Amino acid sequence: MTLTALIALHALGGCGQKAEVVAPPKAKAPSRISAADLKKFKPNESGAIMVLMYHRISAQEPDNDLNRKPDSFRRDLEMLRARGYHPVTVSELVENKMDVPIGKTPVAITFDDALPTQFHLKPGADGAPKIDRDCAVGILEKFHSKYPDWPAKATYFVLPKEGRNSDPFGQPEYVAEKFAHLIKNGSELANHTATHSNMRAMSPDKVRWELATATRAIRAIAPTAAMQTLALPYGKMPRGEAARKALIEGQQGGTKYHNKAIFLAAWRPVLSPVTRPDKALAQGGKFCLFDPFHLERIKTDPRQAHLPGTFEYWMKYFAANPGQRYISDGSAQIVAVPAAQQSAIDAARVRAQGKTLQAYGGASNGSKAGGSLSVE
Ligand SMILES: [Zn+2]
């Protein structure tokens with residue numbers, strides 16, 4: 001809380017106490033995670049993080065790779081929270097600005113294509129538009145009301161009305177209101193190109209047109225839309241080197257764009273944003289190395305629960321291998337990792353982010369065999 005806010009609170013009697021002289025809050029954060037907290041929570045900020053990919057949220061279709069029934073999505077959220085996960089946006093993940101309580105594991109929930117079942121308004125009892133309780137946003141916000149410690153935030157890789165696309169989320173009359181609502185609730189609007197074309201053989205000029213057009217069209221409706229991370233349509237990376245570079249930054253028609261991260265369609269958890277993109281850390285290819293321009297996501301699909309690539313698979317996997325999860329130390333300043341994982345950390349990146357590395361425990365830090373990242 002800022003000093004001004006504290007004063008305002010006291011002036012309002014918001015603390016239910018007599019006004020007293022309050023010392024200006026010190027910006028100084030704890031310089032170490034305490035031994036008791038290390039023992040209790042076993043933070044591991046070198047671990048793996050799931051970025052979940054959803055499309056439709058509809059009761060009209062069975063659960064498959066492109067649809068999740070509303071009740072199934074509610075169950076996903078319940079299971080995530082019960083198992084100690086905590087939502088972050090994709091930008092928070094890639095910029096390592098994740099506000100996650102100590103002991104919890106970040107998870108990024110993402111939605112592609114701005115489909116109508118993700119955000120639907122309908123007339124309430126008083127005739128005013130209300131959020132449909134069965135659309136993705138309705139489910140996330142009800143979940144937040146039930147558990148205030150779980151923010152309703154997610155990342156929406158949206159499409160503008162361009163080419164064959166219809167209006168984002170359908171309902172042209174409410175597009176601006178919906179975008180504004182998402183930004184206000186802490187969600188992120190992100191780039192999914194303008195026309196959702198396969199970019200495999202695309203020229204650099206066409207790539208620039210796609211990304212700048214999407215940025216321009218979405219910002220014309222929501223001027224503060226972040227539009228700084230990108231999900232590739234069908235997960236297809238352009239073949240050409242120049243076109244790949246154009247994914248990261250460029251300009252066209254007077255609109256500049258800059259993507260801090262690029263996501264494919266599938267299929268592994270990504271390693272912590274402070275780990276080195278060193279193949280030795282990927283556990284034989286089990287996890288996606290942290291290369292911000294080549295990150296992966298995980299789909300939900302009960303038909304493929306046995307295959308690495310699905311939410312169903314990874315939830316089981318991390319329940320059996322908790323030492324491989326990213327576990328927050330609760331501090332924005334510190335990167336706490338078990339000593340055995342210290343070599344996975346990119347120390348220069350930690351310093352550049354103004355954070356301090358805190359390795360703890362001996363080489364064998366108490367995690368179960370096979371349950372921790374190690375370097376050969
Ligand atoms: Zn898509």
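**Reading a predicted model**

Analyst: Start with glutamine 171. It has 17 C-beta neighbours inside 10 Å, so glutamine 171 counts as partly exposed. The rule is this: a residue is buried if 20 or more other C-beta atoms lie within 10 Å of its own, exposed if 12 or fewer, and partly exposed in between, with C-beta atoms placed from the backbone. The model is a predicted one: local features need pLDDT of at least 70, side-chain atom pairs count only at pLDDT 80 or more, and totals for chains, interfaces and linings use all residues. Residues are numbered from 1 along each chain as its sequence is written.

User: Where does glutamine 171 lie?

Analyst: First, the naming. Helices (H or I, at least four residues) and strands (E, at least two) are DSSP runs, numbered from the N terminus. Glutamine 171 lies in the loop between E8 and H6. Its phi is positive, about 50°, although it is not a glycine.

User: Which phi does threonine 193 have, and is it buried or exposed?

Analyst: Threonine 193 is not a glycine, yet its phi is positive, about 75°. It sits in the loop between E9 and H7. Threonine 193 has 26 C-beta neighbours inside 10 Å, so it counts as buried.

User: How many helices and strands does the chain have?

Analyst: The chain has 10 helices and 17 strands. Of its 376 residues, 40% are buried.

User: What share of contacts joins residues at least 24 apart?

Analyst: Two residues are in contact if their C-beta atoms, placed from the backbone, lie within 7 Å. Take the contacts between residues at least 6 apart in sequence: 67% of them join residues at least 24 apart.

User: What is a nonpolar core, and which residues have the most contacts inside the largest one?

Analyst: A nonpolar core is a set of buried Ala, Val, Leu, Ile, Met, Phe, Trp, Tyr and Cys residues joined through C-beta atoms within 7 Å. The largest one here has 86 residues. Those with the most contacts inside it are Val51, Leu52, Ala136, Tyr156, Leu189, Ala190 and Val270. Zoom in on valine 270. Leaving out residues up to four places away in sequence, valine 270 touches Ala48, Ile49, Val51, Phe287, Cys288, Phe290, Leu295 and Glu296.

User: Which residues of helix H6 are buried?

Analyst: H6 covers residues 175-184, and its buried residues are Val175, Lys178, Phe179 and Leu182. They span an arc of only 95° around the axis, which puts them on the same side of H6. The arc is that of the directions from the helix axis to the C-beta atoms. These buried residues pack against strand E8 (155-158), strand E9 (188-191) and helix H7 (204-221).

User: What about H9?

Analyst: Helix H9 (residues 311-320) has Phe311, Glu312 and Phe318 as its buried residues. Their arc is only 140° around the axis, which puts them on the same side of H9. Their cover includes strand E1 (48-54), H3 and E15.

User: How do H3 and H5 cross?

Analyst: Axes are lines fitted to C-alpha atoms, for helices over the stretch in contact, and angles run from 0 to 180 degrees between N-to-C directions. The axes of H3 (residues 70-82) and H5 (residues 136-146) come within 10 Å and cross at roughly 40°. On the H3 side, the contact is made by Pro70, Phe73, Arg74 and Leu77; on the H5 side, by Ala136, Ile139 and Phe143.

User: Which residues does methionine 98 contact in the loop?

Analyst: Methionine 98 is in the loop between helix H4 (90-94) and strand E5 (105-112). It is buried, with 23 other C-beta atoms within 10 Å. Setting aside neighbours within four places in sequence, methionine 98 contacts Val88, Glu92, Leu93 and Pro106. Methionine 98 and serine 331 are 233 residues apart in sequence, and 9.5 Å apart in space, C-alpha to C-alpha.

User: Is leucine 289 buried or partly exposed?

Analyst: Leucine 289 has 19 C-beta neighbours inside 10 Å, so it counts as partly exposed. Its place is the loop between strand E14 (270-271) and strand E15 (298-299). Proline 277 lies in the loop between E14 and E15 too. Among the contacts of leucine 289 beyond four places in sequence is Pro277.
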